[in-house]
There are 2 protein chains.
Amino acid sequence: MSVITIERKVLEKNDEIAGQNRDLFRRNGVFAINMVSSPGAGKTSILEKTLEHLRGRIPLAVIEGDVQTDLDAQRVARYGVPAVQIITRGGCHLEANLVRDALANMSLNGIHLLIIENVGNLVCPSNYDLGEAMKIVVASTTEGDDKPLKYPAMFRNSSVLIINKIDLLPYLNCNLELLRSNALQINPGLKVFETSCRTGAGIDAWCSWLMEQSQSAPHTVTRS
Amino acid sequence: MSVITIERKVLEKNDEIAGQNRDLFRRNGVFAINMVSSPGAGKTSILEKTLEHLRGRIPLAVIEGDVQTDLDAQRVARYGVPAVQIITRGGCHLEANLVRDALANMSLNGIHLLIIENVGNLVCPSNYDLGEAMKIVVASTTEGDDKPLKYPAMFRNSSVLIINKIDLLPYLNCNLELLRSNALQINPGLKVFETSCRTGAGIDAWCSWLMEQSQSAPHTVTRS
């Protein structure tokens, strides 16, 4: 019982800091997304493709979350965008205070889009608000079509589903239509993209949508 | 600080119950394994192949752990082996008390091998002893070759690594030798198998090894 109380307190404290992060994003006109998925679903590859498409077209920054190593931040650094690495040292998800600390190490001035790549984990990050405008869940076709039913919280709490690695479909026992309908059964409001970082399929549609969202975020805010 | 204390207490309590499970396995001569991986790496497929090979040759039972749904237990049920489903309802890992409760619903009498399939999560289950003889981590080639470095605890705490979906290697940017050497860098003692549930590659070697381990477990124990 005490554990549940502590857990609730942890979440309440997290939500409070997430609210402060969200205010900061709003004041700076930043559209922030929180990318979540299983390990190896392709978050970093999609991020790289996104940076390739959007750098120079919209000012953006990246926060990389990993349990260990800065391998992903190294991949992102090649694109010359501001990036901060959070290493959780065993922690299974990002929390709002870690993002707050990362934000203290970067300037949001002039930034319109912030991409936060969470730890690869299809369970725990679903409960933690970081202050983002929305969660983007990436599901790889290689994981099978049943994952939305088996890990519903992440699909319920996300606004967008990117079904990645569609180039591998001919070699898999994964029914794309079933995967999509399982996800929509959990969350009928999901906006769905289908992508392959290998062939580039679907990346244009995803990036155009993301740029549109970032541009329609309130970049000019009247300060009281 | 209080959260850390609680967390330690949770782990201590878990370890205590895990010890009781381990005693129960020892008294019954059961070799118990705890299968862990990311969602969709192929734990259930490997389990199905293992049941196909070993049923009738060695008495075995299964405990299925899932966040939600009994889809995996349904898959296992087809093989006619005793199986109990644990649904964690959002919980990101199995704990020893859940396994203890599952054991109360099955007879270990005459069982030589117990396969526990954990929740798909490459982070949290690494910390929780269930009373198993060893953890078996499944890594799919589709997740990329860097995962042992990015999620080291799971590879450090496992005794066996099954590299699954090797049939997909021609279509992936995954270097099998690098994946293997990254894993061995984290844990030089890992026993490594390479499998494909699609082609059946490596399944014989894995099952032979598993049967040998189960048979060499102390099935007859002098009770005091």
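A:D66 forms a salt bridge with B:K150, the closest N and O atoms being 3.5 Å apart; the term stands for a side-chain nitrogen of Lys or Arg within 4 Å of a carboxyl oxygen of Asp or Glu. A:D66 lies in strand β2 (residues 60-66) of chain A and B:K150 in helix α5 (residues 147-150) of chain B, so the pair joins two chains. Helices (H or I, at least four residues) and strands (E, at least two) are DSSP runs, numbered from the N terminus.

Before we go on, a word on the basis: this is a predicted model, in which local features need pLDDT of at least 70 and side-chain atom pairs count only at pLDDT 80 or more, while totals for chains, interfaces and linings use all residues. Residues are numbered from 1 along each chain as its sequence is written, chains are lettered from A and ligands numbered from 1 in the order in which they are written, and side-chain values use heavy atoms, with hydrogens and water left out.

Back to the lysines. On the chain A side, A:K150 meets B:D72 in a salt bridge with an N to O distance of 2.7 Å.

Now let us step back to the whole interface. Here 38 residues of chain A are in contact with 38 residues of chain B, contact meaning heavy atoms within 4.5 Å. About 2900 Å² is buried between the two chains, and carbon and sulfur atoms give 62% of that; buried area is the accessible area (1.4 Å probe) that two parts lose on being put together, summed over both. In chain A, the residues that lose the most area to chain B are A:P39, A:K150 and A:Y171, together 21% of what that side buries.

In each chain, Y171 sits in the loop between β6 (160-164) and α7 (176-186).

Finally, the symmetry. A rotation of 180° with 0.0 Å of shift along its axis superposes chain A on chain B (RMSD 0.0 Å), by least squares on the C-alpha atoms of residues with pLDDT of at least 70 in both. That is the relation of a two-fold axis. The same surface serves both copies, as 100% of the contact residues of chain A recur in chain B.
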